[in-house]
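Morning, everyone. Let me put the model on the screen, and then we'll walk through it.

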Protein chains: 2
Amino acid sequence: MERFDLNILGTGSALPTTRFNPTSQVVNFRDNLFMIDCGEGTQAQLRRMQLKFSRLSHIFLSHLHGDHCFGLMGLISTLGLLGRTGDLIVHAHPDAGRIFRPMLDYFCAELPYQVIFNPIAPQKHELILEERSLKVYSIPLKHRVPTCGFLFEEKPRPRHIIREMIDFYQVPVRDMNRIKEGEDFVREDGTIIPNEKLTRPAESIRKFAYCSDTAYHKSIVPIIEGVDLLFHEATFLEKEKVRAKQTMHSTALQAAKIAHAAQVKKLVIGHFSARYTDLNVLLAEAKTIFPETILAEEGKCYPV
Amino acid sequence: MERFDLNILGTGSALPTTRFNPTSQVVNFRDNLFMIDCGEGTQAQLRRMQLKFSRLSHIFLSHLHGDHCFGLMGLISTLGLLGRTGDLIVHAHPDAGRIFRPMLDYFCAELPYQVIFNPIAPQKHELILEERSLKVYSIPLKHRVPTCGFLFEEKPRPRHIIREMIDFYQVPVRDMNRIKEGEDFVREDGTIIPNEKLTRPAESIRKFAYCSDTAYHKSIVPIIEGVDLLFHEATFLEKEKVRAKQTMHSTALQAAKIAHAAQVKKLVIGHFSARYTDLNVLLAEAKTIFPETILAEEGKCYPV
């Protein structure tokens, strides 16, 4: 199976500590890197995790709070020093261009590549990026400023040919692609050979959803339904749920409720408040509702 | 003796590595913290070194290159989250306000304290800050953009009273401050008691000079003459001196020449290029000219 991994670079909340970096993740899809959020120190984490700067072409910013984007300038600058020439696309709220462009013009005037800001509408669920084998959609979230998560979805693959049946029915080469796409084979005499006789199903497509920062927000459930891996923020414990609501963050229990309602396969929780020295209390709380929960760990890589 | 220390937070050059943070130092003068430069990740280093955020009121930026100031936004934001109320003064090239203010307005709109940009003229040697016991001067340097170093100078202290002599000559209390400042004592009958009979000299004043980034620039020598501690950049080895000149950086040998010419007491070299895996080659080179050289080490504290 081609690589489709989630790398956790930073999983702290707004107040940085010596234990956590601010938010950043990198999706590795077939050795192309897609970054989600870029808190201060992200480029140092990229290096520590030996992720290749040259494989990164897209950065998605969930929202314009400092702990999710103060590493952007340094990363852009370093990519320039490393001699990058290909475009870098930053998918973010329309304000991002307006805010970062003057800094880029000042600090990175001689950048050997283009930084392109692709303005996205965080309140909409829509297709943001389509590559040959991957689609990325926005997921509208509920936070103090316009915020969206991101759904990474593999495109369906062609079905597998059953070689002996192809030979037996003498399917011509020109029909092969259509048959891989699921069409039946119509012989010259008009008889139909159903596709299932000629092919085996493709592997099912894999999906990863990133939901941070957000208050408990049920309306994301249909969008993330059945994903293989869900990252959902769990800043607080349920006993801090008043504080969670005020600051528009989620509790571990709420993250688990979303995972359960969406019937996802696995839940990773993160964006931890600095107040918890032992994260196992957050994990234990989430597991009461959704046993397939794990803690996000910086420096670790999780297959989708 | 009251505390006067230099803390090295980051001492890499433009390209961050896993070994070095970008530039930042903190002068601790009587438990007041004065930051020089603020590269990405500086706030994390402050925490690691257990330097108190609340004791920091002044940040000096040598120049507006990203590796010397991309940590500023994150630090300002964190100081706000920590509930700071006192002003923070950022002494920097006049462009700093124009560049950072729009970001501050956007990302730190609800900051509970004031950030004040004090525009300085990097091409002049002048007094930037005067506190009760400390003066900070700019040191014009030679780099690709307007750049200055900083000279931290203790103010002269009062001389020490010799108690028995004061009693013997019956010096009245009202004359005491003048005598501590070095004046002679004039008795009522007109006879003069010379100050040296009444007092012992104060401790000599201590000085620290920070010179980075800069090409080899002899005209700083009179300004930094005799300082107790000189931090001078040494990005390259002498065999890379063409590259040093092009990029307007110094070699270890050049740093040592400056230290020697200025007859400083101790030289700390830093701002190392990522190309050197063994820094001892830089140290050895500097020591050929100036034996009292040491390597800047991140996380370490050096008395001035």
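How many Å separate the centres of domain 1 of chain A and domain 2 of chain A? The answer is 43 Å, taken over C-alpha atoms. Keep in mind that this is a predicted model. As for the bounds, domain 1 of chain A covers 4–157 + 203–295. Domain 2 of chain A covers 160–200.

Now over to chain B, and its sheet. Here we have an open sheet of 7 strands with mixed pairing. Read across, the order is β7-β8-β9-β14-β15-β16-β17. Why do β7 and β17 of chain B each have one side without a neighbour in the sheet? Because β7 (127–130) and β17 (293–295) stand at the edges, each with a single partner strand. From one strand to the next, the twist averages 20 degrees.

Strand β16 of chain B, residues 266–270, runs parallel to β17(B), and 3 bridges join the two. I269(B) has its bridge partner in β17(B), namely L295(B). There is a helix here too. Helix α11 of chain B, residues 280–287, packs on the sheet and touches β16 and β17 of chain B. The directions of α11 and β17(B) make about 170 degrees.

Last topic: where the chains meet. On chain B, 24 residues are in contact with 24 residues of chain A. Which helices supply at least two residues each to that side of chain B? They include α1 (42–48), α3 (72–81) and α4 (95–107). By class, the side of chain B touching chain A has 12 nonpolar, 9 polar and 3 charged residues.

How values were computed. Residues are numbered from 1 along each chain as its sequence is written. Chains are lettered from A and ligands numbered from 1 in the order in which they are written. This is a predicted model: local features need pLDDT of at least 70, side-chain atom pairs count only at pLDDT 80 or more; totals for chains, interfaces and linings use all residues. Domain bounds come from an automatic or database domain assignment. Two strands pair if DSSP finds at least two bridges between them. Helices (H or I, at least four residues) and strands (E, at least two) are DSSP runs, numbered from the N terminus. Axes are lines fitted to C-alpha atoms, for helices over the stretch in contact, and angles run from 0 to 180 degrees between N-to-C directions. Two residues are in contact if their C-beta atoms, placed from the backbone, lie within 7 Å. Ala, Val, Leu, Ile, Met, Phe, Trp, Tyr, Cys and Pro count as nonpolar, Asp, Glu, Lys and Arg as charged, and the others, Gly among them, as polar.
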